[in-house]
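Welcome! Here is a short briefing to read alongside the model, grouped by topic.

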Amino acid sequence: RLASSAGIAAIAQISLIYNDALNLYQLYSKCIHTLVDQHGAHIIKQQRVHMMRSVKREILRMVQTFFLKSVGPNHETNTALARKFIPPLLQPVLADYQTNVADARVPEVLDVLTVIVSKLSDGISREIPQVFEMVFSCTLDMIKGDFQSYPDHRVKFYELLAAVNAKCFHSLFLLQPAHMQLYVDSLLFALKHEHPQVADLGLKTLYDFLEKVLSLPADQYTAFFSRYYRTILLDILVVLTDTLHKSGIKRQVQILHMLIRTVEMGKLGEMVTQQLVCEFLAGWLRQSFDTVSDTQAESFVLNLFNKCDQPQAFMQNVRDLLVFVREYGGDDPVWEAERAEARTVAAKKEEQRRMQVPGLVPVHDRPGNDDEML
């Protein structure tokens with residue numbers, strides 16, 4: 001209550017009890033560890049353990065409220081708060097979370113980390129690798145087996161990932177490659193949830209993350225997409241074409257559009273080319289849906305690139321395919337006509353691109369050259 005009402009004015013009082021509160025947290029953590037080792041995980045349901053976990057939760061809520069109410073626009077004050085209160089907190093709390101059995105981990109730890117990341121931003125950036133090391137993998141192990149277990153941890157985990165992306169984006173590139181792989185895989189795993197809150201949060205975080213990646217220097221985003229482009233593209237196609245995630249179609253198409261547009265603009269160079277993506281998409285469609293013919297697959301893929309500078313037309317192209325794969329099958333004269341038109345448009349766009357490069361197209365081959373000679 002004091003932290004909630006007084007905010008930064010309560011710093012003197014919080015300072016007096018802060019270390020004692022963390023020592024109590026650590027003491028109860030050790031007691032729970034000992035009981036679990038002696039009696040098994042079922043002991044967590046007993047009243048005495050429940051009371052100790054409740055005390056741990058209250059300590060975490062106090063810390064969370066203090067940071068929530070105390071951190072303001074003053075950078076120097078925020079830096080001083082981070083230096084004074086973060087180091088004593090992380091080691092006992094994160095170590096306890098990491099070493100505990102899954103059922104004994106309190107989700108409020110993730111809440112505290114989310115608030116700290118959201119409020120302190122750069123002040124906590126250097127600690128992000130430690131947070132990932134001690135919290136990320138063990139939480140992911142709890143939730144990756146299905147889409148329902150540990151619902152509180154699940155939602156709070158993705159809120160933490162969103163906060164890190166929003167406030168400490170550059171710290172993600174300080175992570176070890178294995179942890180960056182886990183971060184991307186976790187976002188893609190979120191897309192497959194049927195729980196709307198988790199799926200929507202995952203879609204938004206992935207979209208924002210990819211936007212920020214594309215704002216990095218070319219060598220950095222090229223290196224990133226050379227490793228993850230096909231994985232992200234494939235998972236977006238999977239959730240887009242199934243029947244379980246219709247509510248997220250707008251954001252799914254936006255991510256697909258971003259991926260296609262990036263290649264169409266040539267940003268990824270020879271690492272990920274338009275031809276490679278076209279072949280991959282057409283092959284995947286033919287293998288995944290018996291109702292999609294070669295003609296339909298080629299028409300759809302060509303139109304993704306032809307219409308990527310027209311978001312509404314791009315969306316309609318995707319919708320048309322989704323309707324078709326769910327309701328129809330086989331060849332259709334309409335798709336043959338569309339393929340022919342898509343090939344013509346693609347050829348014109350390629351010709352325009354070549355014309356913009358000096359010396360690439362001989363003068364006598366340029367359109368209109370005959371009229372000029374006359």
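On a 1 Å grid over the protein atoms alone, a cavity is a set of points where a 1.4 Å probe fits but cannot get out, and lining residues have an atom within 4 Å of a point. Grid points are joined across faces, edges and corners, and a volume is the space filled by probe spheres set on the points. This is a predicted model, in which local features need pLDDT of at least 70 and side-chain atom pairs count only at pLDDT 80 or more, while totals for chains, interfaces and linings use all residues. Residues are numbered from 1 along each chain as its sequence is written, and side-chain values use heavy atoms, with hydrogens and water left out.

**Enclosed space**
- The structure holds three cavities of 30 Å³ or more, and the largest cavity has a volume of about 50 Å³.
- Lining the largest cavity are Val131, Phe132, Val135, Phe136, Phe157, Leu160, Leu161 and Val164.
- Helices α6 (128-143) and α7 (151-167) each supply at least two residues of that lining; helices are DSSP runs of H or I, at least four residues, and strands are runs of E, at least two, numbered from the N terminus.
- By class, the lining of the largest cavity has eight nonpolar, no polar and no charged residues; Ala, Val, Leu, Ile, Met, Phe, Trp, Tyr, Cys and Pro count as nonpolar, Asp, Glu, Lys and Arg as charged, and the others, Gly among them, as polar.

**The chain overall**
- The chain's secondary structure comes to 16 helices and zero strands.
- Buried residues (under 20% relative accessible area, with a 1.4 Å probe and protein chains only) make up 48% of the 374 residues in the chain.

**Nonpolar cores**
- A nonpolar core is a set of buried Ala, Val, Leu, Ile, Met, Phe, Trp, Tyr and Cys residues joined through side-chain atoms within 4.5 Å.
- The largest has 111 residues, and Phe209, Leu210 and Phe225 are among those with the most contacts inside it.
- Helix α10 (residues 218-241) gives this core its largest share, 11 residues.
- Apart from this core lies another, of eight residues, including Ile32 and Val49.

**A look at Asn100**
- Asn100 is found in the loop between α4 (75-99) and α5 (108-120), and Asn100 is buried, with a relative accessible area of 4%.
- Leaving aside neighbours within four places in sequence, Asn100 is in contact (heavy atoms within 4.5 Å) with His33, Lys56 and Arg105.

How values were computed
Buried means under 20% relative accessible area, exposed over 50%, partly exposed in between (1.4 Å probe, protein chains only). On a 1 Å grid over the protein atoms alone, a cavity is a set of points where a 1.4 Å probe fits but cannot get out, and a pocket is an open set with protein on both sides within 12 Å along at least five of seven lines; lining residues have an atom within 4 Å of a point.
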